[in-house]
Amino acid sequence: MAAVSPLEGIKSRADGIKSYARRDWLLQIQEAVQQRWEDARVFELDAPVEELSFMDRKKYFATFPYPYMNGALHLGHAFSLSKAEFAVAFKRLQGYKGLMPMGFHCTGMPIKACADKLDREITQFGNPPVFPKDDGDKKEEETAEGMPLGITSKQDNVENAEPDKFKSKKSKAASKTSSAIYQWQIMQSLGLSDSEIVKFRDPYHWLQYFPLIAKSDLKAFGLGCDWRRSFITTDMNPFYDSFVRWQLQMLKDQGKIVKDMRYTIFSPLDKQPCADHDRASGEGVLPQEYTLIKMQVKSPLTGKLKTLETKRVFLAAATLRPETMYGQTNAWVLPDGRYGAFEISDEEVFIVTERASLNLAYQHLSRVPLKPTSLLDLTGHDLIGVPLVSPLAFNSVIYALPMLTILTDKGTGIVTSVPSDSPDDYMALSDLKTKPALRAKFGVKDEWVLPFDLIPIINIPEFGDKAAEKVCIDLKIKSQNDKEKLAEAKKQTYLKGFTEGSMLVGEFKGMKVQEAKPLIKKLLIERGEAVIYSEPEKKVMSRSGDECVVALTDQWYLTYGEDEWKTKAEECLSEMNLYSDETRHGFEHTLGWLNQWACSRSFGLGTRLPWDPQFLVESLSDSTIYMAYYTIAHILQNGNLFGDAKGVIKPEQMTSAVWNYVFGRGPIPRSSIPLSILQRMRREFEFWYPVDLRVSGKDLINNHLTFSIYNHTALFTKDRWPKAFRCNGMIMLNSEKMSKSTGNFCTLKQSIEEFSADATRFALADAGDTTDDANFVFETANAAILRLTKELTWIEEVFAAQSSLRTGPASTFADRVFDNEINIAISITEQNYNSLMFRDALKSGFYDLQTARDEYRLSCGLGGMRADLVLRFIDVQTRLLTPICPHYAEYVWKDLLNKNGFAVVAGWPAANPPNPMLQRANKYLQDVIIDIRKVLQKQLAGPKKGKKSGADVVETASLKPVAALIFVGEKYEGWKEECLKILQAHYDYSSQAFSPHEEIMAVLKDSTIGQSINSKQVLKQCMPFIKFKKDETLSVGPQALELKLPFEELQVLEENVELIKRQLGLLHVAIYSITDADAVARAGAQVSHLRQSPPFPGNPVAVFVADSTLIQDGVGNIHI
């Protein structure tokens, strides 16, 4: 039964009152259609029982990175997901078995961190907790621990805690605490009651709650998913747990997982490495390695340092350029910077910032492991004037001096100074030397500064032996505060110094800098004058709320980057369809730098390493080949999301031998699982694999997606490697970044409730398809509601008045054009869907088709539209729109067209080959009507005020024309024909370019035109014509060089005289050839104007008359 149209209610309401009736109608349709799908199990698919060759499998398997389950899905998830959804839906229409499964990711630390934080809050503040009132004023940055649902930069990431402003359902109390600095408040913002929130102290409760919410939202979205294949991760699902253990064991057996000491980003609070998905900020940040120069404080120690006289005390400076240490003139400290004297061993003390000491402590450079111990708190002022003995320095003693531009969040806060090479050092030292007041301000003695001159250490072509001095003089840098110019100075010299510079001094004199650099670094370390030091490239915050460090850890690593494995990954990538050059470059770049990846952790949820169960598998390492698990999940888990339903297979039966057999790696195993079930699993895998398309945000290129390529090449045969990845940009909301912290945020559920599923999908398709950021616009979603419901109403009206439609064969030009436009829409939309360009598919399959329908309706006039063409239009438009708006399509298909089955599997519409000439002829007709109308309107408006145009024009301007004589010139002749032939001969169709202008002019002068008696006059006419035709060719193509149009202009216009009359509002229209002398004579006094501006192909001339007695010289002769 058809959903009842609510639009009568809309018509009865006063204008200006917002109505949700149209939206509610779509929601009503949506609910009914989804129930029909579920009852018929439309999207549940199994591999065919019969044997199929690899080439005969007509299947399409698309996936989307399973979302992380610590919050509701939002439009960022929906945007990427929609790309896979639309692609599979299109393939279903093409007759493919289209599989779109969906899992839910729970591995990792965010859920555990949130649950633990909730537990701490309850312990500290009670149940329900009563929080201190003043905590509401804390900044969000100070409470990063309260970010379990944190800002989402990609679909696999987690959601921010703050409630959104899109459609708030919060209480007033919750609204007043929008900063949501406590985990309890974050849970309240999700609409959970106090009695429900307390259950989330158990991390596994999150796994039972949010996946079901996500599944419900995706069903409401209309996702064409085989839900039998859904699952959650972690050891809560014993089948998936077994799958991951098999995967990791296979990799280890191949030597692709090793245990090693490596520098890694590390969370001190979590006591484990902090991988990309564990970070609240700093995704993609890697360890930055420095050489830490040990500049020993010269005895005797004085001032505050006197208490350290029993120790060897060093100012430890982090440098990326150890080769320059020969030229040291001093060290730099930040006068107001805070430092400490930290114990590195029983004998050695490093003076560095506290932040640097924490990194050192996690790199085995602290007397107490993992815990920096400070013997003395210091400021930069305490260190100014301290004498130092520095490695490699030609100056036997240098001094610590003040520098005002040191950043204490980078390096150690202690900086080496080589003013012959570093522009920063040169200007800072120059300031101190030339400004006595500056020295006095910081208590700097002359002897600490003035005796120290530049020491040439490196020769750089174009910059000489003192590059810093030269570039600072060249750029006219005045002081150390001229940051922009100093940045430019370093840009000019540093890279050139490394690639082209030569050492002037030291053990490696004469050697290129890039060759000497590692040797000097090694020399310093072997002498004990330097150590390796590493820290994050940029600030990294874990989702537990602490700032990460770089730790030297002994853990398990995947050997990404290993030569043989990398070669296979590159081979896989080279054969994949990536849909854009930017995406391919992203993968190539990632394969270039990606190295060993820590695959184990100690904290969180997940699967235990089978050979070392003290460790859990890291969240990006259990998510690389799970697409293969989809193929058999429904058999293993019996349709149960958590894998705990009783079925024919028990988790413990899934041995490595069984997994190897199922995935084509081994023979039939000895197993208690019935052979028929084993063969069924193997058949499912072999039918569906490989993945035909994986859709993701482009931010996953540098980890998850590249990891997936690596793991597939290691664990599967080449015919099972992924075939295509499509990466998109992030989604903006109404042209602004989507973020809960700003209130510009929308969950998937909210969008569906506000706009309906189909209007949401429509706006997602319209949002964009490139790797640039896309834009979900509320106005587009609202417009979709209007368009879709108006179309439904129009279809209903058509069927109600079907008897008035014309029958019989296509008899008019408009019929043929409309039928051709439908064929064109089918063809172009198919191309757009195949290219995954869904915005273009929406344009060609809906917008353009609607325009063609409206034009057809207008063209038919009183004769009416032809019934079978209108029915074909409705059928085709429904099918073309099915991937994007399936609920609308099902309603039209079943309830309005009364067809059997389902629109989602109705098949792609049949079409004859498009007739481009007919399309061009119609465009010609429409353009002619538009141009003639403009001319007519101009004539009706009369001359502008103050313009004297002659008595005849003034007299006739007030007389309304009732007829038009349209003259057509169907072929270029004479000198124009000659010019076109010359241009044709000098146009390169492959490069789409003309020969040089001089060459064309030389040929023109040698032609019959150039040899004619009045050649100068003719050539003068030729020049603008040739330029016009060249420009037109570059715009529309070589068709602009044709001597006549590929269709009969006269015939097109004569066949559409009634349409032209109707469109122009004239009583009479006559079409004539300009070669018809009798017809031309009918123009009377206007014949001279026709001769002066004759029509030519594609450009007829119209003469307007009020009546036959008013045809006078100068009236209405217009060139179009």
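User: What makes a residue of this predicted model count as buried or exposed?

Analyst: A residue is buried when its relative accessible area is under 20%, and exposed when that area is over 50%. The model to which this is applied is a predicted one.

User: Which residues are in contact with T107, its neighbours within four places in sequence left aside?

Analyst: T107 is in contact with Y68, T233, T234, L605, G606, V617, S619 and D622.

User: What makes the pair of T107 and T233 a polar contact?

Analyst: The side chains of T107 and T233 make this contact at 2.9 Å. A polar contact requires a pair of N or O atoms within 3.5 Å, one able to donate a hydrogen and the other to accept it; the pair of T107 and T233 is therefore listed as a polar contact.

User: Why are helices α23 and α24 described as roughly perpendicular?

Analyst: Helix α23 (residues 748-755) and helix α24 (residues 757-766) pack at an angle of about 110 degrees, and their axes are 7 Å apart. Angles of 65 to 115 degrees count as roughly perpendicular, so α23 and α24 fall in that class. On the α23 side, S751, I752 and F755 meet A757, A759 and T760 of α24. The residues of this contact comprise four nonpolar, two polar and no charged.

User: How do you know that strand β8 pairs with β13 and with β14?

Analyst: Two strands pair if there are at least two bridges between them. Strand β8 has four bridges with β13 (residues 398-402), in the parallel sense, and four with β14 (residues 414-417), in the antiparallel sense. W332 stands opposite L401 in β13, whereas V333 stands opposite I414 in β14. Along β8 (residues 330-333), N330 and W332 point one way and A331 and V333 the other way, and all are buried.

User: What makes β4 and β20 edge strands?

Analyst: The open sheet of four strands has the order β4-β3-β19-β20, with antiparallel pairing. The strands β4 (272-273) and β20 (597-598) each pair on one side only.

User: How do you know that β3 and β4 are paired?

Analyst: Two bridges join β3 (residues 257-267) to β4, and the strands run antiparallel. The requirement is at least two bridges, so β3 and β4 meet it. The bridge partner of F266 is P273 in β4.

Notes:
Residues are numbered from 1 along each chain as its sequence is written. This is a predicted model: local features need pLDDT of at least 70, side-chain atom pairs count only at pLDDT 80 or more; totals for chains, interfaces and linings use all residues. Side-chain values use heavy atoms; hydrogens and water are left out. Buried means under 20% relative accessible area, exposed over 50%, partly exposed in between (1.4 Å probe, protein chains only). Axes are lines fitted to C-alpha atoms, for helices over the stretch in contact, and angles run from 0 to 180 degrees between N-to-C directions. Angles under 35 degrees count as roughly parallel, over 145 as roughly antiparallel, 65 to 115 as roughly perpendicular and the rest as oblique. Contact means heavy atoms within 4.5 Å. Ala, Val, Leu, Ile, Met, Phe, Trp, Tyr, Cys and Pro count as nonpolar, Asp, Glu, Lys and Arg as charged, and the others, Gly among them, as polar.
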